[in-house]
Amino acid sequence: MKKFTLLIVFSIIFQFAFAQKAARITQDKKVGYINHSGDWILEPTYDKGGEFSNGLAPVNKDKKWGFINAKGEVVIELQFDRVKAFDSGLALVENNKRWFYINKEGKEVDMPSSEKLFDFVDGLAYIKRGEKVGLLNPKGEIILEPKYDEIQRFHNGYAKVQVGESWGLIDKTGKEKIEPIYQGLGIWSDGIIIAKKNDVNGLLINGEFIRVDGAMKIWPFRDGEELTYANNSEKIAGFINRKGDWVIEPKFKKVKAFVNGLAPASTNGKLWGYINPKGEMVIPEKFRDAEIFSSNGLAPVKVNKLWGFINKSGELVIKDKYRITGFNPFAMFSATETKGFIDGYARVSLDKKWGFIDEQGKPLKDTWFDNAEAFVDIN
């Protein structure tokens, strides 16, 4: 009986977790939302819509924007000319050419003056005075007085900042982690960041600049991965480790990132295969294009004109009959275009319709739409 009860509890938790994801759907020029089970949160009703965040999604009808909740209920009336997504309980909206912040009750919130208002992202917004920018928290507190020419988006708790032609790094309290003295910086990943100093490309490791010999361009490390790719002066690609050593010498025309021990690679720039961390081509170059593996061990590959999915042995386990990218009419609300499997489903197109397939290639609810965007967390 105890086991049975635990199974019920885990089942409820599992279902609840998946219920907290939503995908934006377009059908007959109207926008709606489905949950991760493929059931409608809201059938296509609105002219436009954005992704959920903070439990709310922006929707538009008759040229006015408002917000709905995870039940599809209107919680902030459609009254605004333009809106940004909610973050940390606040959203930036515009009416009559005036931008201002509102809370989740739709009420205007006072904030310190800024020559331009910016939407909150991960709990912070920019504040601008003159030609300089700083940081503002949702309480309206200036945590960093405007002093930088540019502050880029935070990643793993750090953001690149620019002073003149030089770049540094700050944390979310506004404290400088890396002094702005570099020609270029990459993304902070597990304590390592790509840097360029005196026209030399290398890595910053514990504050020390390590030159990567022969590297003309280095791509950011993926979190949790030990290798990233780099080009030499002839634009030939290889891979370096987190110490800055070449572990796979440049010999490829094109490569993409390592995930699950395999990376897409092409020696001739026309056909793609997959290499292991020794640089050995373990899945032959026979695909017209190839993407990185998802956590479930499947990767999208273009066999002829369309895409299918292979396993780590290189076997085509989902037939090549799909498109996997497409124009996103709501790019202003989306993060990045997603390819491959995320949380058990891949976004694909079949016969000019869009939907989701599971790891066996079965369509979610056997349903296809005019357009379907990737699932995102509701909260």
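Strand β24 (residues 227-231) and strand β25 (residues 237-241) of this predicted model are paired in the antiparallel sense over 5 bridges. One point at which to find this pairing is Leu 227, which stands opposite Asn 241 in β25. Both strands belong to an open sheet of 4 strands, whose order is β23-β24-β25-β26 and whose pairing is antiparallel. At the edges of that sheet are β23 (217-218) and β26 (246-252), each of which pairs on one side only.

Ile 310 is found opposite Leu 316 in β34.

A hairpin shows how two strands are linked through a turn. Strand β21 (residues 200-205) pairs with strand β22 (residues 208-211) in the antiparallel sense, over 4 bridges. Leu 204 has Phe 209 in β22 as its bridge partner. Between the strands of this hairpin there are 2 residues, and Asn 206 takes a positive phi near 55 degrees.

These elements may now be placed in the chain as a whole. Its secondary structure comes to 1 helix and 39 strands. The radius of gyration of the chain is 23 Å, close to the 21 Å that the globule rule gives for 379 residues, so the chain is as compact as a globular protein of that length. Taken along the principal axes, the box filled by the C-alpha atoms is roughly 60 × 55 × 50 Å.

The confidence of the prediction should be kept in view while reading the model. The mean pLDDT of the chain is 92, and 92% of its residues reach 70 or more. Two stretches call for caution. Over residues 1-19 the pLDDT stays under 50, and the model has 3 contacts beyond four places in sequence for them. Over residues 327-337 the pLDDT also stays under 50, but for this stretch the model has 27 contacts beyond four places in sequence.

Attention may next turn to the spaces within and along the protein. The count comes to 1 cavity of 30 Å³ or more. The largest cavity has a volume of about 80 Å³. It is lined by 10 residues, of which Ile 342, Tyr 345, Arg 347, Ala 374 and Phe 375 are the closest to its centre. Strand β36 (residues 345-350) provides the largest share of this lining, with 3 residues. By residue class, the lining of the largest cavity divides into 6 nonpolar, 2 polar and 2 charged.

The second largest pocket has a volume of about 190 Å³. Its lining draws on residues from several parts of the sequence, including Gln 152, Arg 153, Phe 154 and His 155, as well as Leu 169, Gly 186, Ile 187 and Trp 188. Tyr 158, Ala 159 and Lys 160 also line this pocket, and strand β16 (residues 158-163) gives the most to the lining, with 3 residues. The residues around the second largest pocket comprise 6 nonpolar, 3 polar and 2 charged.

Trp 368 lies in the loop between β37 (353-357) and β38 (371-372). Which residues does Trp 368 contact, leaving aside its neighbours within four places in sequence? They are Gln 27, Tyr 322, Val 348, Ser 349, Leu 350, Lys 353, Trp 354, Gly 355, Ile 357 and Pro 363.

Methods:
Residues numbered from 1 in each chain as written. Predicted model: local features only at pLDDT ≥ 70, side-chain atom pairs only at ≥ 80, totals over all residues. Heavy atoms only, no water. 1 Å grid on protein atoms, 1.4 Å probe; cavity = no way out; pocket = protein on both sides within 12 Å on 5 of 7 lines; lining within 4 Å. Points joined across faces, edges and corners; volume = space filled by probe spheres on them. Nonpolar A, V, L, I, M, F, W, Y, C, P; charged D, E, K, R; others polar. pLDDT = per-residue confidence, 0-100. Contact = heavy atoms within 4.5 Å. Pairing = 2+ DSSP bridges. Rg over C-alpha atoms; globule rule 2.2 N^0.38 Å.
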